[in-house]
Amino acid sequence: MYRRILVAIEHSAADRTIVDHVASLAQLTQAELVLVHVADGWAARNFKQLKLRESEEIQDDRAYLESVADTLRNKGLTVETRLLMGDPSTEIVKAVTTERADMLAMATHGHRFLEDLVKGTTVDRVRHLVTVPVLLLKHTEPAG
């Protein structure tokens, strides 16, 4: 079954959808989790080439990633984190290979058709490029 699940999180409310689900799956299968967030602001996309310092945004992303990981570790799960920088779809596809993941889990937003045509989606690009099973869960706002 699944031994190493890469979980792409985006530092948004949608993360709760996928993290909660994958936590249950990891408990059942005893899989390791690798949480990945791709910082994609200007500083992140130019970090290596321009030898920049970490921006506040990057530092905030790193803290958020560790916070999510700590919550999962407190549930008894084995969790690693990776803060990547650049184009989200490119970096997630690379991470599936470099992290030897046997599953990728992501949340989707369910944009409207026209918006997806104009902008494209990270999920759509990624799911066509990886060779492992992809678990996609649509994020829905909690009824309140």
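1. Buried residues of α1. In this predicted model, helix α1 has the following buried residues: Ala14, Asp15, Ile18, Val19, Val22, Ala23, Leu25, Ala26 and Thr29. Their packing partners are β1, β2, α4, β4 and β5.

2. Dimensions and end of α1. The helix consists of 16 residues, and the distance from its first C-alpha to its last is 23 Å, close to the 22 Å expected at 1.5 Å a residue. After α1 comes Gln30, which has a positive phi, near 60°.

3. Overall composition. The protein contains 7 helices and 5 strands. Read from the N terminus, its elements follow the order β-α-β-α-α-α-β-α-β-α-α-β. Of the 144 residues in the protein, 43% are buried. Among contacts with a separation of 6 or more, 76% are made by residues 24 or more positions apart.

4. The sheet. The 5 strands form an open sheet in the order β3-β2-β1-β4-β5, and their pairing is parallel. Strands β3 and β5 (134-138) lie at the edges; each has a single partner strand, so one side of each is left without a neighbour in the sheet. On average, neighbouring strands are turned by 20° against each other, direction ignored.

5. A strand pair within the sheet. Strands β1 and β4 are paired in the parallel sense over 3 bridges. Within β4, Met103 is the residue that stands opposite Ile5.

6. Helices on the sheet. Helix α1 packs on the sheet and touches β1, β2, β4 and β5. The direction of α1 makes about 135° with that of β5. Helix α7, residues 122-129, also packs on the sheet, where it touches β4 and β5. The direction of α7 makes about 160° with that of β4.

7. The largest nonpolar core. Which members of this core touch the most other members? They are Ile5, Val7, Ile18, Val22, Leu33, Leu35 and Leu72, out of 27 residues. The elements that contribute two or more residues are β1 (4-8), α1 (14-29), β2 (32-39), α4 (56-73), β3 (79-85) and β4 (103-108). The largest share, 7 residues, is supplied by α1.

8. With residues up to four places away in sequence not counted, Val7 touches Ile18, Val22, Leu33, Val34, Leu35, Val36 and Ala105. The protein also has a second, separate core of 16 residues, including Val96, Ala101, Val123 and Val130.

9. Thr108. This residue is located in strand β4. Why does Thr108 count as buried? Its relative accessibility is 18%, and a residue is classed as buried when this value is under 20%. Apart from neighbours within four places in sequence, Thr108 is in contact with Val123, Leu136, Leu137, Lys138 and His139.

Key: Residues are numbered from 1 along each chain as its sequence is written. This is a predicted model: local features need pLDDT of at least 70, side-chain atom pairs count only at pLDDT 80 or more; totals for chains, interfaces and linings use all residues. Side-chain values use heavy atoms; hydrogens and water are left out. A nonpolar core is a set of buried Ala, Val, Leu, Ile, Met, Phe, Trp, Tyr and Cys residues joined through side-chain atoms within 4.5 Å. Buried means under 20% relative accessible area, exposed over 50%, partly exposed in between (1.4 Å probe, protein chains only). Helices (H or I, at least four residues) and strands (E, at least two) are DSSP runs, numbered from the N terminus. Contact means heavy atoms within 4.5 Å. Two strands pair if DSSP finds at least two bridges between them. Axes are lines fitted to C-alpha atoms, for helices over the stretch in contact, and angles run from 0 to 180 degrees between N-to-C directions. The expected span of a helix is 1.5 Å times one less than its number of residues.
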